[in-house]
Amino acid sequence: MRNFILFIRRFFNLILFLGLEIACIMMIERTDTLQGNDIVSSANTIAGIVYKKQSDVMYYFGLRKMNDSLLNENAMLRKMLNRVHTVDTLRDSLVRMATGPEDTATHIIEYANYVYMTARVINNSTNASDNYVTINRGSKDGVRKNMAVISGTGVVGRVEHVSAHFASILSALSTKLKVNVKLKDGTNGLVVWDEKSAGILTMIDVPQQVNVKKGDTVLTNNFSLFFPPDVMVGTVIKTEVEKKKGVQIVYLRSSTNFHNLQYVYVIDNKFALEKKQLEDSTAKK
Amino acid sequence: MNSTIKNILRFCIILLLQVLILNKITLRWWSEPSSFPIFIPFVYPLFILLLPFEAPVPLLLILGFILGITVDTFMNTAGMHACATILIAYLRTNVLSALLPRNLSEYSGQHPSIRTMGWMPFLVYSGFLILLHHIVFFSIELWNFSNIGFLMLKILASAVTSMLFIIVYLLLFTRQNAARS
C-alpha cells in the first residue's frame, strides 16, 4: 500500500497528464455521436454571449454590404414577381417581359427612371372610337398630363386630362394613341387601334422581310417619352401582307383586358421633360 | 500587480485575441498553387508559455486543460486544442530546465520572457513548444496521414505564422526597460 502511494506521488504528474489527455480524446470521440457534447461547443451560454456581442459590433461594419445585397435581392424578386404576375393573370402568354440582363445593378438604374403610382379605375369605356379610362388619382397625387399608364399585364394608355382628384386616360383603344413598340427581333414599329374590336390592336408598316410568328410578344421600346421599355403590348395573332405598299400588318391581341380593368399604375418618367426639350430643340433647327 | 491577477488578465486578453480576431482571419501564404493549405494562427498557447517559472506541473496541466477547453468551446473542436495544450503544458518544465543554465527554483517571481531568458533561448523554447502544439493539433484535426506532405506543409506554415504573431504580441505587450527607468 505504501509503495502504491509512493508510486502515485512519484508519477503524479504523468498520471494527471495521461488522465487529462484521455479525457480529451474521449471528448473528441464523442463529437461524432449524435448527442455530442453541448457544453464544449459554441452553443453554450458564455460563448454564445461573446459571439453575440461580437456580431452586434460587426453588424455595423456590414450594413453597407447588406444594403447592397438586399437591393440586389429586391431587384431579383421584382423580376421574379413580374413573371409570376404574368403567369397568373395573363392566360395567353407566359412572358410579359423578356428576362433582363443578369447584371442587376443596371436593372435598378433603369427602374429608377420611373416612379410607379397605383390607381384605381373608376370608369372605363371600350365601345367608342376614342376610349377613356378614369382613375381616382389627380394632380394632388402628382399625376400630370401625358404620363404613361400600364396595368399589371400590359399597356393601358396615356393620361389626357387631369383634375384635382381624378384623371382620364386615353386608352390604347383609341385612334389618337400610337405606341412605339418592338418585335421580338428588335424591329421597331407603331401600334394603333383599327376600331374594330376591343381586344385587337394592329401594328402597321412592318417590313415584309421581317419574319413574324404567331404568338410572338410585342413590347414597348425605348423610344417613347412616357412608356418604360419592355412593357407588354400584346401577342401576335395573325399577319397580313399589303402588296401595294410592300409591308405587312401584324394583328395583336392586347395583353391588357380592357373589359375588366381594376387597378393600373401611373408612371412618372423622371427624364421625360428633359428628353422632350432636347428633341424639340433639335427639331427646330 | 499581483502575479495571479496578472495571469488571469492575460488569460482573458489572449483568449479574446484568439477567438475574436485571429479566428476570423484565414491565411494562406500564396494563392497560386490551389493545394496550399489555409490556416489560422494560434497565439493562445502563449499563455502557458508565459506562466511563472516555478509553477508546478499539475497546475500547468489544469490550466492547460481549462485554456484548451475554452478555445475548443469557441471553435467547436471538442478536445482537440485541449489535447495539444496539455501536452505542451506537460513538457514545458523539462524544456525550460534544459535551456536555462541554472535550476528553475532559482528564478522565483519571474516568468519566461525575452528579458529574463534572452532572445535565442526564448525563441527556441517557444518555437519548439508551438511546433509541437501544431503537430499534435493538426494531426488530430486532419486525422488522415495519406497526404503527409500536405499535413507537414500546413503544420510548418501555421507554426511559422503563429511564431510571428507571438513575437509581435510580445513586442507589443512587454514593458521595455527604457520605459521603466
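## Reading the model

Residues are numbered from 1 along each chain as its sequence is written, while chains are lettered from A and ligands numbered from 1 in the order in which they are written. Because the model is predicted, local features need pLDDT of at least 70 and side-chain atom pairs count only at pLDDT 80 or more, whereas totals for chains, interfaces and linings use all residues.

A word on confidence first: pLDDT is the predictor's confidence in each residue, from 0 to 100. Chain A has a mean pLDDT of 76, with 75% of its residues at 70 or more. Residues 85-99 of chain A fall below 50, and beyond near neighbours in sequence this stretch has 26 contacts in the model. Residues 104-112 of chain A are also below 50, with 9 contacts beyond near neighbours in sequence. Two residues are in contact here if their C-beta atoms, placed from the backbone, lie within 7 Å.

## Two chains side by side

Helices (H or I, at least four residues) and strands (E, at least two) are DSSP runs, numbered from the N terminus. On that basis chain A has 5 helices and 12 strands. Chain B has 8 helices and 0 strands, so its elements, from the N terminus on, read α-α-α-α-α-α-α-α.

A residue is buried if 20 or more other C-beta atoms lie within 10 Å of its own, exposed if 12 or fewer, and partly exposed in between, with C-beta atoms placed from the backbone. Buried residues make up 22% of the 285 residues in chain A, and 32% of the 181 residues in chain B. Among contacts in chain A between residues at least 6 apart in sequence, 56% join residues at least 24 apart; for chain B, with a separation of 6 or more, residues 24 or more positions apart account for 65%.

## The strands of chain A

Strands of a sheet pair through backbone hydrogen bonds, either parallel or antiparallel. Two strands are taken to pair if DSSP finds at least two bridges between them. In chain A, a closed barrel of 6 strands runs β1-β2-β5-β4-β3-β12, with antiparallel pairing. Its twist averages 45° from one strand to the next, where axes are lines fitted to C-alpha atoms (for helices over the stretch in contact) and angles run from 0 to 180 degrees between N-to-C directions.

Other strands can be followed from β7 onwards. Strand β7(A) (residues 188-192) pairs antiparallel with β8(A) (residues 200-207) over 3 bridges, with V192(A) opposite T202(A). Next, 6 bridges join β8(A) to the antiparallel β11(A) (residues 247-254), where P207(A) stands opposite V247(A). Strand β11(A) is also joined to β10(A) by 8 antiparallel bridges, including the one between E240(A) and I249(A). These two strands form a hairpin with 4 residues between them, and G246(A) in the turn has a positive phi of about 70°. Finally, β10(A) (residues 232-242) has 3 antiparallel bridges to β9(A) (residues 217-220), with T217(A) partnered by T235(A).

A nonpolar core is a set of buried Ala, Val, Leu, Ile, Met, Phe, Trp, Tyr and Cys residues joined through C-beta atoms within 7 Å. The largest has 41 residues, and Y44(B), L46(B), I48(B), L61(B), C83(B) and I86(B) have the most contacts inside it. The elements giving two or more residues to this core include α2(A) as well as α3(B), α4(B) and α6(B), and α4(B) provides the largest share, 9 residues. Apart from it lies another core of 37 residues, among them I135(A), V149(A), F226(A) and M232(A).

Helix α3(B) (residues 57-75) reaches 26 Å from its first C-alpha to its last, close to the expected 27 Å; the expected span is 1.5 Å times one less than the number of residues. Its buried residues include L60(B), L61(B) and G64(B). Leaving aside neighbours within four places in sequence, I48(B) is in contact with L60(B), L63(B) and G64(B), among others.

## A closer look at I140(B)

I140(B) sits in helix α6(B) (residues 119-142). It counts as partly exposed because it has 17 C-beta neighbours inside 10 Å. Beyond four places in sequence, I140(B) is in contact with I28(A), M80(B) and C83(B).
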